[in-house]
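User: Hi! Could you walk me through this one before I set anything up?

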Amino acid sequence: MQTLGQQLINGLSLGSIYALLALGYTMVYGIIKLINFAHGDIYMLGAFWGYFVINQLHFNFIWAMLSAMVFCALLGVVIEYFAYRPLRHSPRITALITAIGVSFLLENGMTYLFTANTRSFPQVIKTVTYHLGGLRISNIQLLILGTACLLMLLLELIIKRTKMGRAMRAVSVDPEAAQLVGININHTISFTFALGSAMAGAAGVLIGLYYNSIDPLMGMTPGIKAFVAAVIGGIGSVPGASVGGFLIGLLETGVQAIGLSAYKDAVVYFVLIVILLVLPAGIFGKKTKEKV
C-alpha cells in the first residue's frame with residue numbers, strides 16, 4: 001500500500017503536466033479540427049524560455065512561468081497565422097503535414113542554435129521533502145500539482161464565463177453560424193492557440209523544475225503522450241483532456257513501479273488502442289454523425 005500511495009503521488013505530478021499539454025491539443029482540435037503536432041515543441045520552447053530568464057534576467061519561479069506563458073502564447077499565435085491560417089480550407093492532410101513540418105522546424109532550429117546538449121534547469125526553489133506516513137512528497141510535486149489544477153480551473157472559467165469563451169464554443173459547434181452572428185473567426189482561433197500554447201509554456205517550466213534537465217528534443221515524447229491523453233479523454237473535451245492526462249501519468253508511474261520501465265511507452269499506446277475499441281470517442285467524447 002505504501003508503494004501504491006507513493007506511485008499515486010508521482011503519477012499525479014507527472015499527469016498534471018500531460019493534462020496541461022493535452023488541453024492545447026483538445027482546444028485546437030475542437031475549434032478547427034487540426035492536430036497541432038508542434039504543440040510539444042512549444043512546451044520545449046517554454047522550458048528554454050524559463051531557463052533563459054532565470055539564468056540571465058534572474059527571474060523568480062512565478063515570473064519565469066508567467067513570462068514563459070506569454071512568450072508561448074505569442075508564439076502560438078504567430079504559428080497559427082503563418083502556418084495554419086493559409087491552409088484552413090485545404091484538405092486536412094495538408095494541414096497535418098504542415099504541423100509535422102513546423103514541429104521539425106522548431107526542434108532542428110533549436111538544436112542548430114543551442115546544440116542538442118542537455119542543460120540543467122536552474123533550481124530556483126529549494127527542494128524540501130515531506131514524510132507523511134511512510135510516503136515522500138516534495139514541495140516541487142505539490143507546486144506542480146497545485147499550479148496545474150489552478151491553471152485548469154482558470155481555463156474552465158475562461159471557456160464557460162467569458163465572452164471569448166462563448167465565442168470559442170460557438171465556433172467549435174458551427175463556424176459559419178458563429179460568423180453570421182458577428183463572431184470574428186480569426187480572432188477566436190488565434191485566442192485558442194494563445195491559450196493552449198500558454199498552458200504548454202507553463203508545463204515546460206514546471207517539468208524543467210521537476211526533472212532538472214531540458215533539451216531541444218524534450219517535447220517529442222511528452223507531446224505524443226499528451227495527444228494520447230486528449231484522445232483517451234475525448235478529443236475536443238476540456239475535462240476529458242485533464243482526466244486523460246492524469247490517467248496517462250498514473251499509468252506510466254504504475255508500470256515503472258512493477259519493474260516494466262522499458263515498456264512504459266508501449267503500455268500507454270496499448271491502453272489507447274483498448275479504450276478506442278471500447279469507447280471510440282474517448283471517455284468524455286460525444287458520438288457524432290458525419291455526412292459522407
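**Patch, bridges and a helix**

Analyst: Happy to, and do keep in mind that this is a predicted model. Let's start with Ile-283, which is partly exposed at 37% relative accessibility. Ile-283 sits in the segment after H11.

User: Which element gives the largest share of the nonpolar patch?

Analyst: That would be H11, with five residues.

User: And what does Ser-237 touch?

Analyst: Leaving out residues up to four places away in sequence, Ser-237 touches Thr-26 and Phe-284. Ser-237 itself lies in the loop between H9 and H10, and is buried, with a relative accessible area of 13%.

User: Switching to charges, how many salt bridges does the structure hold?

Analyst: There are five salt bridges in the structure. One of them joins the side chains of Asp-265 and Lys-225, at 2.5 Å from N to O. Asp-265 is in helix H11 (residues 264–278) and Lys-225 is in helix H9, so this pair ties together parts that are 40 residues apart in sequence.

User: What does Lys-264 pair with?

Analyst: Lys-264 forms a salt bridge with Glu-252, and their closest N and O atoms are 3.7 Å apart. This pair links distant parts of the chain, with Lys-264 in helix H11 and Glu-252 in helix H10 (residues 238–257), twelve residues apart. Glu-252 is buried, with a relative accessible area of 4%, while Lys-264 is partly exposed at 24%.

User: Which residues are linked in a network of salt bridges?

Analyst: Lys-225, Glu-252, Lys-264 and Asp-265 are linked that way.

User: What about Glu-80, where does its side chain go?

Analyst: The Glu-80 side chain meets that of Arg-85 in a salt bridge, at 3.0 Å from N to O. Glu-80 is buried, with a relative accessible area of 1%, and Arg-85 is partly exposed at 22%.

User: New topic: how far apart are the end C-alpha atoms of H4?

Analyst: They are 33 Å apart. Helix H4 has 23 residues (92–114), and at 1.5 Å a residue it should span 33 Å, so the two values agree.

User: Nice. Which H4 residues are buried, and what covers them?

Analyst: The buried ones are Ala-95, Ala-99, Val-102, Ser-103, Leu-106, Glu-107 and Met-110. Their cover includes helix H2 (39–56), helix H3 (61–84) and helix H9 (220–233).

User: Last one: how many disulfides turn up in the whole structure?

Analyst: Searching the whole structure gives zero disulfides. As for cysteines, Cys-72 is buried, with a relative accessible area of 0%, and Cys-149 is partly exposed, with 38%.

User: Great, thanks!

Note on methods: Residues are numbered from 1 along each chain as its sequence is written. This is a predicted model: local features need pLDDT of at least 70, side-chain atom pairs count only at pLDDT 80 or more; totals for chains, interfaces and linings use all residues. Side-chain values use heavy atoms; hydrogens and water are left out. A disulfide is a pair of cysteine sulfur atoms within 2.5 Å. Buried means under 20% relative accessible area, exposed over 50%, partly exposed in between (1.4 Å probe, protein chains only). Helices (H or I, at least four residues) and strands (E, at least two) are DSSP runs, numbered from the N terminus. The expected span of a helix is 1.5 Å times one less than its number of residues. Contact means heavy atoms within 4.5 Å. A salt bridge is a side-chain nitrogen of Lys or Arg within 4 Å of a carboxyl oxygen of Asp or Glu.
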